[in-house]
Amino acid sequence: MEWKVTQKPLTQLAVDGIVVLHTEGGEADGEDVKEVDEVLDFRISRLIADGETTGKYGEITLLHTWDKIPAKRVFVLGLGKAEELDVDRLRQGFAIVARKAEERGLKHLGIALPASFAAEKNAADLVQAAVEGVELGAYRYRGYKGDSREASLTSIFLSLSDLSRSGVEAGLERGKVFARATNLARTWVNEPANRLTPAALADQAAEVAKRNGLKVDILDEQRIEEMRMGGLLAVSQGSAQPPRMIVLSYFGAPESQEVLGLVGKGITFDSGGLQAKPAKSMNGMKDDMAGAAAVIAAMEGIGTLKPHSNVIAVVPACENSVDGKSYRPGDVIQSFSGKTIEIEHTDAEGRLILADALAYARRLGATRLVDVATLTGAIVVALGREVTGLMTNEASWGEEVKTAARLAGERVWELPMVPEYEEWLRSSVADLKNHGGISEAGAIQGAAFLKQFVEETPWVHLDIAGTAYFNKTKGIHSEGGTGVGVRTLIQLAIRFAGR
Ligand code: BES
Ligand code: ZN
Ligand code: ZN
């Protein structure tokens, strides 16, 4: 999809469709609407007067222009009440229109931003949200169907008469990068586990590195053994797929000591291991690498935008499978950190591979950590499908990640890491066990375990088990992987500059 900024008004664009914005209860009096309305003999005004078009948030009215202007169609997009309008709604609205246009097979689309809204907002933020909306809404996972057709939308004309030029360029660049990285993560999550194996995920990471000039180091099984990454080895030993430890690094601020360490859970399929999941719960477990996808895709975005900061990504990738070689409950393993772990539950595998990865990220120089993981079913119970769980060992670093999430338009909510729950992880035969054996506060238990491997390093854990996958197409979401976390992580790396 190609973006072109133009000074021409929507009424002069020779495209398949133009989008005009309409707020609830408003008349067709916004600058752009007015112009289009006039050349269409006030048909939009009539639709509004007759109650056909209300401006309700997400409403789309499609009109043909009958050659009155070069554009063939007009999409009147409802943005809801003017006082409730924000960049998130703008992103969602443009996503809905882009999907409609894509479904209809349109090639060229013209959009504009609401002039009144632009007056009070930062131009770059507005443009970024609009661009993200279009790119996210037009996304479709192509899969392996014989009759899958190519994407239709090829060019988007952004008609801007009076927004500051530099703001527009910055917003356009960021919007494209944020959204395309998100879509990259979505596709990896949507790939079935027989195709996206740990080795295949590592290949994807290597391609990200190549495209963006990042340093890459992919540890194969032999090196993982030499490094004594006992968590990753234990979980992967029951699978025919060998594990990988994927490391990508970007050093945009070589004079700085600060290194942001991103860690993502890369279980390409989670059967639960010997303590297998019931049939139904196992469905969908190809998405258990969504944290890995978010981290690797964020590196694509960071590598493109090149902020003045240092970032390393550490992604443990393997499959949790059932076999005669599988690790068992009761086994005691030694993690990369040296700590020994008693296996209480083979389905609490994510924390075992993350323990190695967090410790390894510290070894590689990370001074601040964020991990992203589809870690617990408990977070889905607690926060549902719209909100990611956030837990931290340092409040101010937690606030920094919350700010990045807010700016990125992703919702997070903090759960408290009370020290009492760490006691549940005591083992009589090892330094700790991977689960307390009780079902209470499952999400916090997971975080409490990970905390033992970050020592004093400020760290934030994002549990995306509920938000990684959306089961319907709605707004910016397309059924399947959401790409959650990508935009927050890129935003965080940008904000990390100058530390
Ligand atoms: N991958 C799952 C968590 C998950 C659940 C992700 C639902 C997406 C949707 C994780 O490895 C897991 O199985 N967690 C267990 C831990 C328990 C056995 C201690 C869980 O949450 O049930
Ligand atoms: Zn599991
Ligand atoms: Zn899992």
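Residues are numbered from 1 along each chain as its sequence is written, and chains are lettered from A and ligands numbered from 1 in the order in which they are written. In this predicted model local features need pLDDT of at least 70, side-chain atom pairs count only at pLDDT 80 or more, and totals for chains, interfaces and linings use all residues, while side-chain values use heavy atoms, with hydrogens and water left out.

Visitor: Which residues are the protein donors of the zinc ion (ligand 2)?
Guide: Donors are N, O and S atoms within 2.8 Å of the metal (3.2 Å for Na, K and Ca); water is not among the atoms, so sites may look incomplete. Here the protein donors lie 2.0 to 2.2 Å from the zinc ion (ligand 2). Asp 347 gives both O and OD. The residues are Asp 270, Asp 347 and Glu 349.

Visitor: Is the site of the zinc ion (ligand 3) octahedral or irregular?
Guide: Six donors count as octahedral if opposite donors are over 155 degrees apart and all others between 65 and 115; four count as square planar on those limits, four as tetrahedral if all angles lie between 85 and 135 degrees, and anything else is irregular. The six donor atoms around the zinc ion (ligand 3) subtend angles of 77 to 172°. The arrangement is therefore octahedral.

Visitor: What is the site of the zinc ion (ligand 2) called?
Guide: This ion has six donor atoms. Their angles run from 73 to 171°. The site is classed as irregular.

Visitor: Which residue coordinates both zinc ions?
Guide: The zinc ion (ligand 2) and the zinc ion (ligand 3) are 3.2 Å apart. The protein donors of ligand 3 are Lys 265 (NZ), Asp 270 (OD), Asp 288 (OD) and Glu 349 (OE), at 2.0 to 2.4 Å. The residue stated to coordinate both ions is Asp 270.

Visitor: Is Asp 270 buried or exposed?
Guide: Buried means under 20% relative accessible area, exposed over 50%, partly exposed in between (1.4 Å probe, protein chains only). Asp 270 has 3% relative accessibility. Asp 288 and Glu 349 are buried. Because of its 3% value, Asp 270 counts as buried.

Visitor: Where is Leu 40 found?
Guide: At 0% relative accessibility, Leu 40 counts as buried. Leu 40 touches Leu 63, Thr 65, Lys 68 and Val 74, not counting residues up to four places away in sequence; contact means heavy atoms within 4.5 Å. Leu 40 is in the loop between helix 1 (31–39) and helix 2 (43–49).

Visitor: How many residues apart in sequence are Pro 9 and Ile 111?
Guide: Pro 9 is in the loop between strand 1 (2–6) and strand 2 (17–22); helices (H or I, at least four residues) and strands (E, at least two) are DSSP runs. C-alpha to C-alpha, Pro 9 and Ile 111 are 9.4 Å apart in space. In sequence, the separation is 102 residues.
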